[in-house]
Amino acid sequence: MTASLSACRLFIWAAALLVVLALPAMSEPAPPPTAASLPTPVKWTVNGYVQARISDTTGDHKPLVFDAKRLYITFRVDVDQHISAGALVSGSPVNPFNILEAYGEYRFNQDFKARAGEYRLPFGYELPLSSSRLITLERSQVVTAFLYKNFNFERGAYVYYAPPKLPYNISLGVVDGIPVDYATSSSSQSAKNVVARAGYNVPGGQIGISAYAGKGPQAQLLQRTGYDVETTFSDFTLLSEGIIGRGRVIPHSDRCDQ
Amino acid sequence: MGALFPTLTDATNKATYFDSRAKGMYVTLAYQKKGTAYQPYVRYDNFNPNTDAAGLYYNRYTAGLNYYINNNNKLTVEYEKIKDGANPTVKNFYGAQYQVSF
C-alpha cells in the first residue's frame, strides 16, 4: 500500500513535470523576431580612392610631370539608426598623413540630423564634393580662392534638415574660422563663424544659396555669398556656381587640384 | 601687384592672402549618352580677386574627356587655356589622371 502510494505520488510528480515542460510547446508559436525588434548591428564602412596624374604646361620646355596625387580613405561607423561617426584621412607625397574629417553624427529622424567635430563646410556644390566625383580635374578658381584653400574643413557643429517628402533642405552650422590645416597654436583667435545653405531639388540635382560670415585666423572680416546649380537634361549635366565676398582671398595663380 | 591688393601675410602657413572684395563663377557642361562610358565636358571659369581694382581678371577655358572604364576606374584627359590679366606669363595646362576607387 505504501509502495503503491509512493508510486502514485511519483507518477503525479512526473506527470506534472511533463506538463510544465510541455507547456511552451502547447502554447501558440512565438512570432519570428522582426527587423525592428532586433538591435541594429554596428556597421563599418571603408571607402577611398587613389589618383595618379601626368601633366604639363605649354611652352615651359620642361618634361612631363608625374604625380601620385593622393590617397583618400573614409571610415564610417553606424552604431545604430541614430548614432554614426566618420573620418577622412588623406595621404600625398607632400603631406603623407592628414586627418581632414573626424565627426560624430546624430540622426534624430529621417528629416533631421546634427553633426559635430571637424568636417567639410556645407557651402555650395563643389566644396562638399569629393574630388573623386568632380567632372573636371581641378576645382574652379572661385571655389579654390574663396573656400577650398581657405575654409574647407573646420571644427564646429551643424544641423541638417532634409524632409524626404519635401523638395528642399537646409544646413546651418557654427564653426571656429580656423582652417583644419592651419597651425592653431599661432592663431590669435577662434571665432564663431556661421555657415548656411538652403537647397531646392531640381531634376538631377539641386539649386542652392549659401552664406558664410565671421572672422578669419587674423581677425579679418570674412564674407562669402554664393549660388549653386546642379541639374541634368537629356544626356547633359549642367553645373554652375558663383561667389562674391571679401577677406582672406588667395591669389588666383594658386591652382587647386584637390 | 602688392599695391593693388591689401595683403595679409600668414607667416605660419607661409602664404599671402588678399584682404579684398572678390567675385567669380564657373559653368560646366558635360555630355554622357546613356549606356556609354565617355563623358566630354567643357568649363568656363572666371575669377576677379579684387573688384576695386581695374584690369584684373582670371579666365580659364577647360575642355576634357572622362572615360569611365568601370565603376571603380576612371581616366581623365584635360586641357586648359588660361588668360590671367595680372600675370600674363601663366601658361596653359594639360594633363591626364587615372583614378581607382575602392
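Chain A has an average pLDDT of 82, and 76% of its residues score at least 70; pLDDT is the predictor's confidence in each residue, from 0 to 100. This is a predicted model, in which local features need pLDDT of at least 70 and side-chain atom pairs count only at pLDDT 80 or more, while totals for chains, interfaces and linings use all residues. Residues are numbered from 1 along each chain as its sequence is written, and chains are lettered from A and ligands numbered from 1 in the order in which they are written.

Helices (H or I, at least four residues) and strands (E, at least two) are DSSP runs, numbered from the N terminus. Where pLDDT is low, the predicted coordinates should not be read in detail.

Chain A also meets chain B: 47 residues of chain A are in contact with 49 residues of chain B. Two residues are in contact if their C-beta atoms, placed from the backbone, lie within 7 Å. On the side of chain B that touches chain A, β3(B) supplies the largest share, eleven residues.

The two chains are also joined through strands. Strand β1 (residues 43-57) of chain A runs antiparallel to β7(B), with nine bridges between them; two strands pair if DSSP finds at least two bridges between them. In this pairing, A:Ser55 stands opposite B:Gly95 of β7(B).
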